[in-house]
Amino acid sequence: MAVIGAGILGLAIGRSLARAGREVLVLEAETAMGTVTSSRNSEVIHAGIYYPPGSLKAIFCVEGRRRLYPFCRSRFIPHSQIGKLLVAAEDAEISTLQRLFQRAGQNGVDDLRWLSASEAKAMEPALRCAGAILSPSTGIVDSHALMLAYRGELEEAGGMIAFGSRVMQGEVTPTGIRLEVDQEGSMDLLCRTVVNCAGLGAQGVAASIRGVPSESIPPLHFAKGNYFGLSGKAPFHHLIYPMPGGGGAGVHLTLDLAGRARFGPDVEWVNKIDYAVDPRRADSFYAAIRRYWPALPDKALVPDYSGVRPKLYDNPNGDADFVIQSEEAHGVTGLVNLYGIESPGLTSSLAIAEYVKQVVVDFNYRQPPQDRLPSLLHQEEEKSEYALGS
């Protein structure tokens with residue numbers, strides 16, 4: 001079987017399927033793993049606060065976070081359960097904060113703590129807010145180390161990664177899905193199962209496979225997120241998130257494992273992929289950040305990096321869910337397409353991988369995803385799942 005894409009999700013899915021006894025070949029167009037979306041994010045382990053109850057994002061995020069911390073501990077993957085303050089910068093935002101608190105509870109996030117302005121300021125003296133929520137289960141992780149762990153266990157279980165292997169086109173045949181792969185020359189692969197998790201390229205891959213109905217492929221929109229670094233040391237010990245809006249979680253402050261602060265991402269709708277950060281966008285960053293950190297010094301922000309989210313809508317107020325399609329959605333036996341896997345994709349990776357494994361191994365195509373997913377929640381993994389060397 002083939003998994004298309006060696007980002008964090010493709011590696012997690014490949015690992016899960018290889019450990020289930022499948023012969024797995026991960027096809028990656030680039031010469032290294034995770035060079036696109038997976039290496040261009042905030043590296044945050046999300047709690048599951050924002051997403052509509054019952055959505056795939058909510059279910060996978062909560063379950064993925066529950067799995068990810070023990071996985072990182074047992075594999076010695078650098079991470080920190082640093083915690084997050086979600087802040088209402090002014091009184092008018094308190095109602096939004098209250099709705100997020102209620103939504104988080106519906107999603108199974110039961111460890112949030114409501115903070116008054118004075119309580120929040122006692123925790124973070126440089127913070128300006130009218131109220132806040134403390135999320136103690138939010139954290140940060142070294143995403144590259146996480147991908148290395150997924151890759152190692154994929155290969156240990158007999159799976160392989162073929163770098164520089166771009167899927168050019170394919171065809172649904174009576175005996176499987178034929179893929180034409182460019183790997184310093186064209187070669188054909190006949191696969192009984194194909195998992196398309198090519199991220200920004202997922203729609204293009206699906207459209208290139210003859211026999212996949214075009215109407216089953218959702219539209220793709222590029223939402224560029226720019227990041228600016230802080231030239232000095234930040235006076236914060238937690239991640240700081242304002243109220244979400246405009247298609248994202250707001251210009252928030254994150255800390256990496258070395259304590260370095262960066263701000264972003266914003267949302268810039270673009271027609272093509274371009275990772276250059278325009279220094280002029282700093283003006284809007286200063287305005288957004290100073291709503292919760294008024295003392296941000298002038299000229300303290302420097303362009304850092306950017307990423308592009310694979311959005312399934314172009315409405316700033318939209319709220320598209322993850323889309324995971326198997327046979328009941330497109331009619332092709334053995335094909336699983338993953339679309340719109342943006343944040344919280346990293347947090348969700350182990351849970352999504354478990355779900356795709358169940359779809360592929362159990363061939364349980366007939367129930368909609370939300371009906372199958374509750375079996376993932378609160379289940380006890382066997383002790384061997386996260387044991388060293390498992």
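**Entry 1: two prolines.** I began with P344, which I found in the loop between β22 and α9. The model I am reading is a predicted one, and in it the peptide bond joining S343 to P344 is cis, with omega at about 10°. I then looked up another cis bond, the one that joins G264 and P265, where omega is about 0°. P265 sits in the loop between β18 (261-264) and β19 (268-270).

Entry 2: I followed the chain on into helix α9, which covers residues 345-362 and lies across β13 (194-196), β21 and β22 (335-339). Relative to β22, the helix runs at about 155°. Within α9 I picked out S348. Is S348 buried or exposed? Its relative accessibility is 0%, and buried means under 20%, so S348 counts as buried. Leaving aside neighbours within four places in sequence, I noted that S348 is in contact with F60, C61, G64 and F322.

**Entry 3: cysteines.** C61, one of the contacts of S348, made me look for disulfides, and the count comes to zero. For C61 the nearest cysteine sulfur belongs to C72 and is 14 Å away. C61 is buried, with a relative accessible area of 0%. C197 is in no disulfide either, its nearest cysteine sulfur being that of C191 at 13 Å. C197 is also buried, at a relative accessible area of 9%.

Entry 4: I traced the open sheet of six strands and wrote down its order as β9-β2-β1-β13-β22-β21, with mixed pairing. Which strands stand at the edges? They are β9 (160-162) and β21 (323-325), and each has a single partner strand, so one side of each is left without a neighbour in the sheet. On average, neighbouring strands here are turned by 15° against each other, direction ignored. Looking at one pair in detail, I saw that β1 (residues 2-4) and β2 (residues 25-27) run parallel and are joined by three bridges. A2 has L25 in β2 as its bridge partner.

**Entry 5: a sheet of three strands.** I next went through an open, antiparallel sheet with the order β3-β8-β4. Its edge strands are β3 (44-45) and β4 (79-80), each of which pairs on one side only. Two bridges join β4 to β8 (residues 139-141), and H79 stands opposite V141 in β8. In the loop between β2 and β3 I came to E43, whose phi is near 60°, a positive value in a residue other than glycine. E43 counts as buried at 19% relative accessibility.

Entry 6: K299 counts as exposed, with 78% relative accessibility. Strand β20 (residues 301-311) is, by contrast, mostly covered, since eight of its 11 residues are buried. I found it paired with β15 (residues 221-230) in the antiparallel sense over nine bridges, and in β20 the partner of H221 is K311.

**Entry 7: the cores.** In soluble globular proteins, nonpolar side chains tend to be buried together. Which residues touch the most other members of the largest nonpolar core? That core has 49 residues, and the ones I listed are L86, L127, L230, F263, I289, Y292 and L301. A second, separate core of 45 residues includes A18, L68, I161 and V195.

**Entry 8: E327.** I ended with E327, which is placed in helix α8 (residues 327-330). E327 counts as buried at 17% relative accessibility. Its side chain makes a polar contact with the side chain of T333, at 3.0 Å. I also checked E327 against A122, which is 205 residues apart from it along the chain, and found their C-alpha atoms separated by 53 Å.

How values were computed: Residues are numbered from 1 along each chain as its sequence is written. This is a predicted model: local features need pLDDT of at least 70, side-chain atom pairs count only at pLDDT 80 or more; totals for chains, interfaces and linings use all residues. Side-chain values use heavy atoms; hydrogens and water are left out. A nonpolar core is a set of buried Ala, Val, Leu, Ile, Met, Phe, Trp, Tyr and Cys residues joined through side-chain atoms within 4.5 Å. Buried means under 20% relative accessible area, exposed over 50%, partly exposed in between (1.4 Å probe, protein chains only). Two strands pair if DSSP finds at least two bridges between them. Helices (H or I, at least four residues) and strands (E, at least two) are DSSP runs, numbered from the N terminus. Axes are lines fitted to C-alpha atoms, for helices over the stretch in contact, and angles run from 0 to 180 degrees between N-to-C directions. Contact means heavy atoms within 4.5 Å. A polar contact is a pair of N or O atoms within 3.5 Å; within protein, one must be able to donate a hydrogen and the other to accept it, and residues adjacent in sequence count only if both atoms are side-chain atoms. A disulfide is a pair of cysteine sulfur atoms within 2.5 Å.
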